[in-house]
Amino acid sequence: QVQLVESGGGLVQAGGSLRLSCATSGRSVGSYSMAWFRQAPGKEREFVAATNWSGGRTLYTDSVKGRFTISRDNAKNTVYLQMNSLKPEDTAVYYCAAGGQYGGVRTDDYAYWGQGTQVAVSS
């Protein structure tokens, strides 16, 4: 079992920055790949970024490359999503996810999910 708790969402102006955090706990947390997804009202949940705990590999969807960074702090058992140069189209609920293999971009590639944190970007 893995438990994931997101935090750090909020309201920010276009061009601003936010850092989302995903606190992890449970059995063999370090063995899981981690990802961020997001879901805007009326849209399907979409992949944002993924990372491997030990390999340092990262993967991003094209729309956030150069603006978002996924990272980890092993001492704190926490995964982060640093979001810079935010745009109104980034507005969504952001979810942290854990899965058995690195590189998945589909929701069914991940077995564990947090409750989500709301990000709203105003013009």
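Predicted model: local features only at pLDDT ≥ 70, side-chain atom pairs only at ≥ 80, totals over all residues.
Trainee: What makes Cys22 and Cys96 a disulfide?

Mentor: The sulfur atoms of Cys22 and Cys96 are 2.1 Å apart, and a pair of cysteine sulfur atoms counts as a disulfide within 2.5 Å, so the pair qualifies. A search of the whole structure finds one disulfide.

Trainee: Why is the disulfide of Cys22 and Cys96 called left-handed?

Mentor: The torsion about its S-S bond is about -80°, and the disulfide is therefore left-handed. As for its place in the fold, Cys22 lies in strand 3 and Cys96 in strand 9, 74 residues apart, so that the pair links distant parts of the chain.

Trainee: How do you know whether Cys22 and Cys96 are buried or exposed?

Mentor: Buried means under 20% relative accessible area. Cys22 has a relative accessible area of 0%, Cys96 likewise has 0%, and both are therefore buried.

Trainee: Which class does Asp73 fall into by its relative accessible area, and why?

Mentor: The relative accessible area of Asp73 is 22%; since the buried class ends under 20% and the exposed class begins over 50%, with partly exposed in between, Asp73 is called partly exposed. Asp73 is found in strand 7, and, leaving aside residues up to four places away in sequence, Asp73 touches Thr78 and Tyr80. By contrast, Asp73 and Lys43, 30 residues apart along the chain, have C-alpha atoms separated by 31 Å.

Trainee: What makes strand 1 and strand 7 edge strands?

Mentor: Four strands form an open sheet in the order 1-3-8-7, with antiparallel pairing. Strand 1 (2-7) and strand 7 (68-73) each pair on one side only, and they are the edge strands. Neighbouring strands of this sheet are turned by 20° against each other on average, direction ignored.

Trainee: Which residues touch the most other members of the largest nonpolar core?

Mentor: They are Trp36, Leu81, Met83 and Tyr94, out of 28 residues in that core. Strand 9 gives the largest share, four residues. Apart from it lies another core, of six residues, among them Ala35, Phe47, Ala50 and Tyr110.

Trainee: Why does the radius of gyration of the protein agree with that of a compact globule?

Mentor: With 123 residues, a compact globule would have a radius of gyration near 14 Å, and the protein has 13 Å, which agrees. Along its principal axes the C-alpha trace spans about 40 × 30 × 25 Å, and 42% of the 123 residues count as buried. Among contacts with a separation of 6 or more, 58% come from residues 24 or more positions apart.

Trainee: How many helices and strands does the protein have?

Mentor: The protein has zero helices and eleven strands.

Key
Residues numbered from 1 in each chain as written. Heavy atoms only, no water. Pairing = 2+ DSSP bridges. Helix = DSSP H or I, 4+ residues; strand = E, 2+ residues; numbered from the N terminus. Axes fitted to C-alpha atoms, helices over the stretch in contact; angles between N-to-C directions. Buried < 20%, exposed > 50% of the residue type's maximum accessible area, 1.4 Å probe, protein only. Contact = heavy atoms within 4.5 Å. Core = buried A, V, L, I, M, F, W, Y, C linked by side-chain atoms within 4.5 Å. Rg over C-alpha atoms; globule rule 2.2 N^0.38 Å.
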